[in-house]
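Here is a friendly set of notes to read with the model open beside you. Take the points one at a time, and find each residue on the screen as you go.

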2 protein chains.
Amino acid sequence: MELNRQDIENLEQRYRAALINSITGFKSVSLIGTVNAQGDTNLAIFSSVVHLGAHPPLIGMVVRPDSAERHTLENILDTGYYTINHIRRDFYMKAHQTSARYPRNTSEFQACGLTELWEEGFMAPFVAESTVRIGLQFREKIDFHINGTIFIIGEILHLHFPIECWEKDGFVNLEKAGSITCSGLDSYHTTQKIGRLLYAKPNLPPGLKD
Amino acid sequence: MELNRQDIENLEQRYRAALINSITGFKSVSLIGTVNAQGDTNLAIFSSVVHLGAHPPLIGMVVRPDSAERHTLENILDTGYYTINHIRRDFYMKAHQTSARYPRNTSEFQACGLTELWEEGFMAPFVAESTVRIGLQFREKIDFHINGTIFIIGEILHLHFPIECWEKDGFVNLEKAGSITCSGLDSYHTTQKIGRLLYAKPNLPPGLKD
């Protein structure tokens, strides 16, 4: 199938959204936990979390302020803290349900059947069902004027993951942790390892790490 | 395992890079094809491609200017065009090999054994081995001063994918197309569908789409 810019423009809106959301490839999928200054918690599913750098440890994500994601953004700006919680197969339906447009005073934790977990000294709720959990401090907000989306940068203050998933070079084996991936707006997938490859050098052929 | 900000700071540099690069979840992984004004082609693997919006159809990606990615950035700014090409299992080792630091005058297409594909009227090379290919026009460059990375926004001008992967609601089935995912700096994975879920609404329980 070949589509040009005009073909894409001519597609019906929801059809185009499904197409463009899927075409970029498989995505990270996680639950963002936040709370407002009044103590009302919020939980929202995001598939735009992206690695920004390791030193300092920074993570970025794209937020659409006109969507169910707007409460997440308000809470992050309000308190300065948020959590990223990986999704496993055994609760992916509950995680997806957080994308419904619940009213401001409804917590998706309760509405979707997920459990708040509070760590000593950290001001945002984690998801107890997640085995990979990241606590972040808000660092920067960048407005993408081109389409009104917002890019949020946070610094990792806290990491939790199963110790048996930590490999000898520092890599965390997410497949072993049960983290899943998604594509498009609503498709969820487990993964199966092909291989880890050696650091590539111009004069060496590619090769498996183990 | 529990790590706080100071624990992360104390890790050896490459160990920390492996940890932080893996902890954000599974990622899209694709080859970015570019050419400079002199006609020298370049190909580089990226795992930071992220959906920005469907209308207009925009894709973002993070570039590290001190890495093998710097030639990609120079070429995009030079010509204004680039391509995103999904990676399949049958050539993932060649794709990974493009991350080696080849000199400026070496094309990774030739060095890594991948095939340039030129579409009529489009000024950047696609990868013939890819079955999902996106042609983009550069729209915006945003400097993330916090760590010196750069965010590139492009608009989709051209899409190619196998027609049998296009589902009735507009979704492109990437698993059927053979696109793979990655985690960390060097781990590659195929996917296995769990399910597609219905659009979530507050008063409906989550459910499978098909």
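1. A word to settle before we start: two strands count as paired if DSSP finds at least two bridges between them. In this predicted model, strand β2(B) meets that rule with strand β12 (residues 181-183) of chain B, as 2 bridges join them and they run antiparallel. To see where they face each other, look for B:Ser28, which stands opposite B:Thr181 in β12(B).

2. Now widen the view to the sheet that β2(B) belongs to. This open sheet has 6 strands with antiparallel pairing, in the order β2(A)-β12(A)-β13(A)-β13(B)-β12(B)-β2(B). Which strands stand at the edges? They are β2 (27-28) of chain A and β2 (27-28) of chain B; each has a single partner strand, so one side of each is left without a neighbour in the sheet. As background, strands of a sheet pair through backbone hydrogen bonds, either parallel or antiparallel.

3. Another pairing also links the chains. Strand β11 (residues 149-160) of chain A and strand β1 (residues 2-4) of chain B pair in the antiparallel sense over 3 bridges. If you want a place to look, A:His160 has B:Glu2 in β1(B) as its bridge partner.

4. Next, the interface as a whole. Chain A brings 102 residues to the contact and chain B brings 102 residues. The area buried between the two chains is about 9,400 Å², and carbon and sulfur atoms give 63% of it. On the chain A side, A:Met1, A:Phe26 and A:Ile194 lose the most area to chain B, together 9% of what that side buries.

5. How many salt bridges does the rule find across the interface of chain A and chain B? There are 6 salt bridges, including one between the side chains of B:Arg5 and A:Glu155, at 2.5 Å from N to O. Polar contacts across the interface come to 52 residue pairs. Sorted by class, the side of chain A that touches chain B has 51 nonpolar, 29 polar and 22 charged residues.

6. Most peptide bonds are trans. The bond from A:His55 to A:Pro56, however, is cis, with omega near 5°, and A:Pro56 is found in the loop between β5 (50-54) and β6 (57-63) of chain A. In chain B, a cis peptide bond joins B:His55 and B:Pro56, with omega about 5°; B:Pro56 lies in the loop between β5 (50-54) and β6 (57-63) of that chain.

7. Finally, the confidence scores. Chain A averages a pLDDT of 97, and 100% of its residues score at least 70. The model scores ipTM 0.97 and pTM 0.97.

Definitions and conventions. Residues are numbered from 1 along each chain as its sequence is written. Chains are lettered from A and ligands numbered from 1 in the order in which they are written. This is a predicted model: local features need pLDDT of at least 70, side-chain atom pairs count only at pLDDT 80 or more; totals for chains, interfaces and linings use all residues. Side-chain values use heavy atoms; hydrogens and water are left out. Contact means heavy atoms within 4.5 Å. Buried area is the accessible area (1.4 Å probe) that two parts lose on being put together, summed over both. A salt bridge is a side-chain nitrogen of Lys or Arg within 4 Å of a carboxyl oxygen of Asp or Glu. A polar contact is a pair of N or O atoms within 3.5 Å; within protein, one must be able to donate a hydrogen and the other to accept it, and residues adjacent in sequence count only if both atoms are side-chain atoms. Ala, Val, Leu, Ile, Met, Phe, Trp, Tyr, Cys and Pro count as nonpolar, Asp, Glu, Lys and Arg as charged, and the others, Gly among them, as polar. Helices (H or I, at least four residues) and strands (E, at least two) are DSSP runs, numbered from the N terminus. pLDDT is the predictor's confidence in each residue, from 0 to 100.
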